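Trainee: Could you show me how to read a helix in a model like this one? I would like to learn the general idea and then the case at hand.

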Amino acid sequence: MGNVDKRNRLDEEIFTYEIMKNRKVFISWKGRMVTTLSGKEAEKFITRIQSAATPKEAQLIMAKATGHFKHGNEK
């Protein structure tokens, strides 16, 4: 993981996800839904998240899936 999480934010497990029956994936940050994945993106995400070796790796996968939704000025 190296320099990806310099401030150790992913140790707090701030991201969560939920897989629906129709294979859509909802990803939340601190309890607020930030993104929805469906189709090929959802299947790729599910495959990657299920093969995550550590909780921190799973957090990184979810963070990358959400994109750049935070830019530092949100409260």
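Trainee: Which residues are exposed on the other side of α1?

Mentor: K40, K44 and T47 are exposed there. Exposed means over 50% relative accessible area, buried means under 20%, and partly exposed lies in between, with a 1.4 Å probe and protein chains only. This is a predicted model, where local features need pLDDT of at least 70 and side-chain atom pairs count only at pLDDT 80 or more, while totals for chains, interfaces and linings use all residues. Residues are numbered from 1 along each chain as its sequence is written, and side-chain values use heavy atoms, leaving out hydrogens and water.

Trainee: Which residues of α1 are buried?

Mentor: Here is the general idea. An α-helix has 3.6 residues a turn, so residues three or four places apart point the same way. In α1, the buried residues are A42, F45, I46 and I49. Viewed down the axis of α1, they fall within an arc of 100°, so they line one face of the helix. That arc is taken from the directions from the helix axis to the C-beta atoms.

Trainee: What covers those buried residues of α1?

Mentor: The cover includes β1, β2, β3 and α2. Helices (H or I, at least four residues) and strands (E, at least two) are DSSP runs, numbered from the N terminus. From that end, the elements run β-β-β-α-α, and they come to 2 helices and 3 strands.

Trainee: Which residues of α2 are buried?

Mentor: They are A58, Q59, L60, I61, M62, A63 and T66. Their cover includes β1 (15–19), β2 (25–29), β3 (32–37) and α1 (39–50). Just after α2, G67 takes a positive phi of about 80°.

Trainee: Where is E13, and what does E13 touch?

Mentor: E13 sits in the segment before β1. Not counting residues up to four places away in sequence, E13 touches P55 and Q59, where contact means heavy atoms within 4.5 Å. E13 and K56 are 43 residues apart in sequence, yet 7.3 Å apart in space, C-alpha to C-alpha.

Trainee: Is E13 buried, partly exposed or exposed?

Mentor: E13 is partly exposed, because its relative accessible area is 47%.
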